[in-house]
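Good morning, colleagues. Please take a moment to look at the chain on the screen before I turn to a few of its local features.

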Amino acid sequence: MEPQTTHLLYLHGFRSSPRSTKARLVAKHVAREHPNLEWWCPQLPPSPHDAIDMVMKGIAHWPRKSMAVIGSSLGGFYATYVAGMTRCRAVLLNPAVHPARDLTRYIGSQTAWHDPAEHFYFQPEFIQELRAMEIGALTRPERLFAIIAKGDEALDWHEMSARYPDSRIKLLEGGDHALSDFEKAHLDDVMAFINPV
């Protein structure tokens with residue numbers, strides 16, 4: 001019997017933040033329904049190395065058997081790494097599968113999605129940092145649940161599905177990259193899989 005989740009990490013996507021719609025919806029749900037759940041949704045730095053270093057240090061003392069991670073887009077790639085290192089439960093929302101390839105075209109000055117006045121520079125060396133985080137097959141694929149939209153305009157659903165062949169996948173016929181119907185169509189499934197205290 002799987003223990004209930006006591007600690008939950010949320011990892012946002014490229015150019016995103018804890019102010020993303022999905023992050024705020026999960027945070028609101030946790031605050032309302034699961035006040036005893038430890039919740040952490042950090043603002044990730046642009047450097048993948050620095051982002052994962054911050055995350056792994058932040059969860060260093062979390063209980064591996066009762067922690068979980070949710071990751072969206074690039075955050076889904078990071079969440080896969082976290083799950084690979086900790087064997088914790090993970091929910092992936094349209095996860096990036098080949099970010100070292102796909103983000104090459106974004107090298108240079110970028111703006112934050114939720115605050116266009118906020119600029120950051122996506123360095124060429126970040127691509128190698130992403131490559132260093134690519135892990136093979138997960139040792140506990142049954143602890144992973146992916147929600148993948150065929151209508152994703154940013155990522156290829158075939159690649160996303162193929163990356164997690166032994167995990168539970170909710171494949172949407174339409175949808176979009178942002179999972180615009182997240183609150184009404186997917187939040188309950190996410191929380192049921194995480195099974196928080």
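This is a predicted model: local features need pLDDT of at least 70, side-chain atom pairs count only at pLDDT 80 or more; totals for chains, interfaces and linings use all residues.

Which residues does S161 touch, not counting residues up to four places away in sequence? Within it, S161 touches I148, I169 and L171, with residues up to four places away in sequence left out of the count. S161 itself lies in helix 6, which covers residues 157-163. Its relative accessible area is 16%, and S161 is therefore buried, the cut-off being under 20%.

Let me move to strand 1. This strand spans residues 7-11 and is mostly covered, with five of its five residues buried. As for the directions of its side chains, H7, L9 and L11 point one way from strand 1, whereas L8 and Y10 point the other way. Strand 1 pairs with strand 2, residues 38-40, in the parallel sense, and three bridges join them. In this pairing, H7 stands opposite E38 of strand 2.

My last topic is a helix pair. Helix 1, residues 21-33, packs with helix 7, residues 182-194, at an angle of about 55°, and their axes are 11 Å apart. Helix 1 and helix 7 are therefore oblique to each other. Their crossing is right-handed. On the side of helix 1, the contact involves K22, L25, V26, H29 and V30; these meet F182, E183, L187 and M191 in helix 7.

Thank you for your attention.

Key
Residues are numbered from 1 along each chain as its sequence is written. Side-chain values use heavy atoms; hydrogens and water are left out. Axes are lines fitted to C-alpha atoms, for helices over the stretch in contact, and angles run from 0 to 180 degrees between N-to-C directions. Helices (H or I, at least four residues) and strands (E, at least two) are DSSP runs, numbered from the N terminus. Angles under 35 degrees count as roughly parallel, over 145 as roughly antiparallel, 65 to 115 as roughly perpendicular and the rest as oblique. A crossing is left-handed if the near helix is turned anticlockwise from the far one by less than a right angle, and right-handed if clockwise. Contact means heavy atoms within 4.5 Å. Buried means under 20% relative accessible area, exposed over 50%, partly exposed in between (1.4 Å probe, protein chains only). Two strands pair if DSSP finds at least two bridges between them.
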